Amino acid sequence: MRISQLEGRRVALWGWGREGRAAHALLRSRLPGQALTLFCSPAEAAQAATLGDPLLLPQVEVTGAALGRFEVVIKSPGISPYSPEALEAQAAGARLLGGTALWFAEHPDARTVCVTGTKGKSTTTALLAHLLRAGGHRTALAGNIGLPLLEVMDPQPAPELWAIELSSYQTGAVADSGVRPEVAVVLNLFPEHLDWHGSEQRYIEDKLALVTRAAPRTAVLNARDPVLSQLALPDSRIVWFNREDGWHLRGELLYRGDAQVFDTRAVPLPGRHNRGNLCAVLAAIEALGLDAAPLAPAALDFRPLPNRLQTLGTRCGLTYVNDSIATTPHATLAALDCFAGQRIALLVGGHDRGLDWHDFAQAMRQHAPLGIVTLGANGPRIHALLEAVAGEGGFRLAAASDLSSAVHQAEAMLEGQGLVLLSPGAPSFGMYRDYVERGKDFARIAGFDPEGIVAIPGLGVA
């Protein structure tokens, strides 16, 4: 649906986070006389009132019946379309749209590379933009990475290419727009966001909507992922990475087929899994019809993103690593693998959305760090699983009431030598607004400048 098609209709906004505010600003700029109703919290309603927009009516009681009175509801991505309110509204005839769908409808001819996956999608998208720019291509970096698409509707001059990160909350919106991406990249699939999607199966279906329903011209898929490797996409060309006839790693060496390209050990990407995602980036660049091999060495100049295996520094013999973005047990295991062989005190736990931690606990029998501190709403559940294997795994185990206590207990475990690793494997909700705020608090507790760690390099158009 184009923005012009909203004129004169009954339109509501649902949510007043950054995406909601961006939707309001865009609609007001394009449709200055359009009446809008905003469904939000009382605190958000007070914020919206400060705008002085006489045609914006905040409503703090969100019900399916109230939403169902509107023809179109533009919802923020964090609001699940499977919630009772959303389902009731849709049954009443309301059409729920996201900002991603609006953006794609307005840009049917844009050359887009959309990137999703449970782990590594932000780094992969940023690295893609970095390499394309190194090749002289004016490229936009936007989406779930920290710059909503609605905030970059009409950049001038227009970018040649778009590197867009999409979360599982947004992938279906691309399909809803009716616009085919030029290239879609899916890195991997692990259970996540089960509270939003309702089940692991629906999470996978929603994630894969980017390639199954949106039907990109080319789908770039990870041949080593057990789900992705079985996909058949009759409406898309498939390009595989992590396969020997394409871009892949042999040890730390990067290969294109049988041709060695360069040694990745100097690439500033923490963890072999991140260097493996360089293969996805190069495959996507080739899918655009560009020569990827000459651009590969530009990865040596890439600046890693904050909150992703981010080394904050060393104080009093201890190194502090901020991996606040890790919101699944699989991501935490990958973080531990990055620092294998070092003295590590790991901080895990946060919002409980029902993910299974049994595999993590079993892995601790043989691959445990020196110590683990649990915290957050799911901390007691994780702690109970770890207690059963702590004797066999030979690691120290403690529980904390908050992040400050967890950091101090981790420091005591290490006795002045080693690495304090925040890789919680869970979202921050209930304790912090988001993973960024959690990472900043970790930096503050550890004695580093919290404001100096958050900037994502390269956002926008360059």
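**First stop: Lys121 and its surroundings**

Select Lys121, which touches Val115, Thr116, Asn144, Glu165, Leu166, Ser167, Leu187 and Lys207, leaving aside residues up to four places away in sequence, where contact means heavy atoms within 4.5 Å. This is a predicted model, in which local features need pLDDT of at least 70 and side-chain atom pairs count only at pLDDT 80 or more, while totals for chains, interfaces and linings use all residues. Residues are numbered from 1 along each chain as its sequence is written, and side-chain values use heavy atoms, with hydrogens and water left out.

Lys121 lies in helix α6, helices being DSSP runs of H or I with at least four residues and strands runs of E with at least two, numbered from the N terminus. Because its relative accessibility is 12%, Lys121 counts as buried, a word used for under 20% relative accessible area with a 1.4 Å probe and protein chains only.

Next, select Gly117, in the loop between β6 (112–116) and α6 (121–134). Gly117 counts as buried because its relative accessibility is 0%, and it touches Leu187, Asn188 and Lys207, again not counting residues up to four places away in sequence.

Which residues does UniProt place under the feature "binding site"? The unreviewed entry gives Gly117, Thr118, Lys119, Gly120, Lys121, Ser122 and Thr123; such annotations may be inferred rather than shown by experiment.

How values were computed. Buried means under 20% relative accessible area, exposed over 50%, partly exposed in between (1.4 Å probe, protein chains only).
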